[in-house]
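Please keep the model open beside the text.

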Amino acid sequence: MIAFCPVVVNEDIEQAADLYRPMLALYIGGMGAREMNFHFDVFVRMGFGSEANKIQDLYLDGHKEDAAAAVPTAMVEKIALIGPRAKIVDDLAAWQESFATSLLVAGNAATLRMMAELLL
């Protein structure tokens, strides 16, 4: 099973998370109808039901920036590796124990080199 995993190396975890908050707000709030949104449903199953409802409501009401701001860092951390290298190393363990057999990582050249070192 291949899993997509964005990677952002940054000493400031919140700044790293800020790069993905707008994308998650779009997927949770704007991809599909309120009654049928696969991405929304995934985050509900991941335990972010109240957060997903708030994000979706804000997004569909036209408050896209507020929807992005409502994405908690913990939600970003469930789908991406963010923060300083040491945190990424620690968080990578959960991915290695998941059902994913391959990670499709995304990042700049230095990040991809770092991930290759960590995963090989």
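E77 has a relative accessibility of 30%, so E77 counts as partly exposed; buried here means under 20% relative accessible area, exposed means over 50%, and partly exposed is in between, using a 1.4 Å probe and protein chains only. E77 forms a salt bridge with K87, and their closest N and O atoms are 2.8 Å apart. E77 lies in helix α6 and K87 in helix α7 (residues 85-96), so this pair ties together parts that are 10 residues apart in sequence. A salt bridge is taken as a side-chain nitrogen of Lys or Arg within 4 Å of a carboxyl oxygen of Asp or Glu. Helices are DSSP runs of H or I with at least four residues, strands are E runs of at least two, and both are numbered from the N terminus.

A word on the source: this is a predicted model, in which local features need pLDDT of at least 70 and side-chain atom pairs count only at pLDDT 80 or more, while totals for chains, interfaces and linings use all residues. Residues are numbered from 1 along each chain as its sequence is written, and side-chain values use heavy atoms, with hydrogens and water left out.

K87 is buried, with a relative accessible area of 16%. The side chain of K87 also meets that of D91 in a salt bridge, at 2.5 Å from N to O. Both K87 and D91 lie in helix α7, 4 residues apart, about one turn of the helix. D91 is partly exposed, at 27% relative accessible area. Elsewhere, salt bridges that share partners join E14, D18 and R21 into one network.

How many salt bridges does the structure hold? There are 6 salt bridges. One of them pairs the side chains of R21 and D18, at 2.7 Å from N to O. D18 is partly exposed, with 43% relative accessibility, whereas R21 is buried at 7%. R21 is found in helix α2. Leaving aside neighbours within four places in sequence, R21 is in contact with E14, A68, V71, P72, T73 and V76, where contact means heavy atoms within 4.5 Å.

## The buried side of α2

Which residues of α2 are buried? They are R21, L24, A25, I28 and G29. These residues cover an arc of only 105 degrees around the axis, which puts them on the same side of α2; the arc is that of the directions from the helix axis to the C-beta atoms. An α-helix has 3.6 residues a turn, so residues three or four places apart point the same way.

The cover over the buried residues of α2 includes α1 (13-18), α3, α4 (49-60), α5 (64-69) and α6 (73-79). α2 is followed by G32, whose phi is positive, near 110 degrees.

## The nonpolar cores

The largest nonpolar core has 22 residues, of which L24, I28, I55, M75 and V76 touch the most other members. Each of α1, α2, α3, α4, α5 and α6 supplies at least two residues of this core. Another core, of 10 residues, lies apart from it, and A3, C5, V7 and M114 are among its residues. A nonpolar core is a set of buried Ala, Val, Leu, Ile, Met, Phe, Trp, Tyr and Cys residues joined through side-chain atoms within 4.5 Å.

L24 is found in helix α2 and is buried, with a relative accessible area of 4%. Beyond neighbours up to four places away in sequence, L24 touches G29, F43, V71, M75, V76 and I79. I55 is found in helix α4 and is buried at 0% relative accessible area. With neighbours within four places left aside, I55 is in contact with A25, I28, G29, A67, A70, V71, P72 and M75.

M23, L26, Y27 and M31 make a nonpolar surface patch of about 280 Å². Patches are made of residues with over 30% relative accessible area and no salt bridge, with like charges joined within 9 Å and nonpolar side chains (Val, Leu, Ile, Met, Phe, Trp, Tyr) within 5 Å. Accessible areas come from the Shrake-Rupley method with a 1.4 Å probe, and for residues only the protein chains shown count as cover.

M31 is found in the loop between α2 (21-30) and α3 (38-45). M31 counts as partly exposed, at 33% relative accessibility.
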